[in-house]
Amino acid sequence: QVQLVESGGGLVQPGGSLRLSCAASGSAFSIYTMAWYRQAPGKQRESVATITSRGISRYADSVLGRFTISRDNAKNTVYLQMNSLKPEDTAVYYCNSNTPGVSRAFDSWGQGTQVTVSS
């Protein structure tokens, strides 16, 4: 199973920016579809952004135009650049990896990193 380690969370004021990173273990990173999810207190986990092995990205409507997902296959790392942050972006952010064609039951998850947007 892939080990995922997130970093980059923290406290930021509304309108500010943060960049999350997720480092993956193993040698097959380039074939994975990578994603960021988030879970706010009392809410279900939701998909924020996804990037395929070909670099095709998709975003939740709530973050479109503000967040950018990217990947560096040479570093086995996926990033989430978050700009114009809002208090409603406050959540624990999780990194996810999926092997195309394999059941989602075998997805890997990171431990999560807290993002708090507050003045």
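Within β6, Arg58 is the bridge partner of Thr50. Strands (E, at least two residues) are DSSP runs numbered from the N terminus. The model is predicted; local features need pLDDT of at least 70, side-chain atom pairs count only at pLDDT 80 or more, and totals for chains, interfaces and linings use all residues. Residues are numbered from 1 along each chain as its sequence is written, and side-chain values use heavy atoms, with hydrogens and water left out.

Strands β5 and β6 (residues 57–59) run antiparallel and are joined by three bridges; pairing requires at least two DSSP bridges between two strands. Five residues lie between the strands of this hairpin, where Gly55 takes a positive phi near 90°. Strands β4 and β5 also run antiparallel, with five bridges. Trp36 has Ala49 in β5 as its bridge partner. Six residues separate the strands of the β4 and β5 hairpin, and Gly42 takes a positive phi near 75°.

The largest nonpolar core holds 28 residues. Such a core is a set of buried Ala, Val, Leu, Ile, Met, Phe, Trp, Tyr and Cys residues joined through side-chain atoms within 4.5 Å; buried means under 20% relative accessible area (1.4 Å probe, protein chains only). Met34, Trp36, Val78, Leu80, Met82 and Tyr93 touch the most other members. β3 gives the largest share, four residues. Beyond its neighbours within four places in sequence, Leu80 is in contact (heavy atoms within 4.5 Å) with residues including Leu18, Trp36, Ala49 and Tyr93.

One disulfide (cysteine sulfur atoms within 2.5 Å) is present. Cys22 and Cys95 form this link, S to S 2.1 Å. The S-S torsion is about -85°, so the disulfide is left-handed. Both Cys22 and Cys95 are buried.

Note on methods: Buried means under 20% relative accessible area, exposed over 50%, partly exposed in between (1.4 Å probe, protein chains only).
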